[in-house]
Amino acid sequence: MANSTQLINWGGMTCVKLSAGGYEALIAYEIGSNVIRLRDNKNGLEFFRYSDDNDADVIRQSAEVWGLPTLYLPNRFADGVLKTSDAVYQLPVNEKAPYNNHIHGFIHKRVHEVVEHKADDNCAWVKTRYVYDENDEFFQYLPIRFVAEYTFTLSENGLEQDICFTNNSNVVMPISIASHTAINAPFVDGAKEADIRLTVPIGKKCELNERCLPTEQLKSLTMWDLEYKTGNKCPVLQVVDNDMYFGEYAELDHEKFHGVIAEDIASGKKLCYEVSDEYKFWIIWNDRGFNHYFCPEPMTAMIDAPNLSLPADVTGYREIKPAETFKSHQRFFTKL
């Protein structure tokens with residue numbers, strides 16, 4: 001079947017449907033350019049948390065826990081404070097007591113625009129964009145103009161996501177992005193959740209306090225943590241609550257691999273999630289473990305990174321100057 005792209009109505013909103021290489025993907029540009037579905041039709045894998053019964057309103061109400069939402073600014077900022085090298089910003093505190101943090105930013109809830117969608121003999125792709133300026137209600141808290149550009153490319157190599165953030169202001173732009181990636185459980189058609197094993201190549205653990213903020217203590221790995229490293233962690237049917245680690249490298253087909261691998265041990269089918277080196281941390285979370293999904297979340301910086309006393313080369317926090325661009329890359333694919 002030829003590679004293709006088309007605009008379709010899904011659950012009351014327009015999405016871009018990509019079909020290529022045995023995969024299909026739905027890009028919900030009206031909800032933050034979220035990939036609300038990625039399916040490997042040839043091998044029977046449903047990558048992301050998905051329900052045919054959903055409509056757009058269900059996802060809008062909780063955009064963080066469906067599909068592949070990109071977050072800026074991700075995770076938590078204590079008391080809503082964000083300190084950059086040339087300013088201090090007060091973000092709204094949208095996580096109630098006892099947390100009292102700002103959480104997850106805004107870009108994953110905005111209506112993005114489709115720049116183009118096309119297909120050729122090799123792949124299908126869509127480019128989307130969000131221009132952030134005075135027209136956004138969040139600008140009163142973070143008056144830094146920027147453009148976020150997304151490219152999603154589908155082929156026999158799976159789904160690739162390229163993101164560019166360009167600073168269009170005259171002050172530095174804080175950079176921390178994350179994906180709140182919601183993986184379906186089970187992700188293989190007809191499989192059992194108990195057969196899922198997750199491999200995450202982790203370094204030291206970042207201890208979090210009761211507000212889910214870093215204590216700045218870096219911990220050695222316990223037996224619980226080592227299950228991620230050895231590929232023996234079942235990421236569902238038990239509570240996984242914000243396990244945060246430095247990311248390292250795994251091995252896939254005898255090559256260095258920067259990402260996580262989920263395997264259905266009954267069939268041997270693997271869901272592979274590769275990220276570029278900009279993503280320096282992983283948080284694993286599963287919404288109490290019995291809601292049929294789990295989230296291996298790659299982050300470019302620690303929670304509350306700009307406010308910590310740890311150096312930037314440890315926290316991953318970055319700033320880009322006016323007219324500079326930050327880029328990152330991710331890929332999802334099947335291995336048998």
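Tutor: Gladly! Let's begin with the surface: the protein exposes about 13,900 Å², and carbon and sulfur atoms supply 46% of that area. Accessible areas come from the Shrake-Rupley method with a 1.4 Å probe, and for residues only the protein chains shown count as cover. This is a predicted model, where local features need pLDDT of at least 70, side-chain atom pairs count only at pLDDT 80 or more, and totals for chains, interfaces and linings use all residues. Residues are numbered from 1 along each chain as its sequence is written, and side-chain values use heavy atoms, leaving out hydrogens and water.

Student: Why is Glu248 called partly exposed?

Tutor: Buried means under 20% relative accessible area, exposed over 50%, and partly exposed in between (1.4 Å probe, protein chains only). Glu248 has 36% relative accessibility, so it counts as partly exposed.

Student: What does Glu248 touch, not counting residues up to four places away in sequence?

Tutor: Its partners are Pro201, Ile202, Gly203, Lys229 and His258; contact means heavy atoms within 4.5 Å.

Student: How many of the residues count as buried?

Tutor: Of the 336 residues, 57% do.

Student: And how far does the C-alpha trace span along its principal axes?

Tutor: About 55 × 50 × 35 Å.
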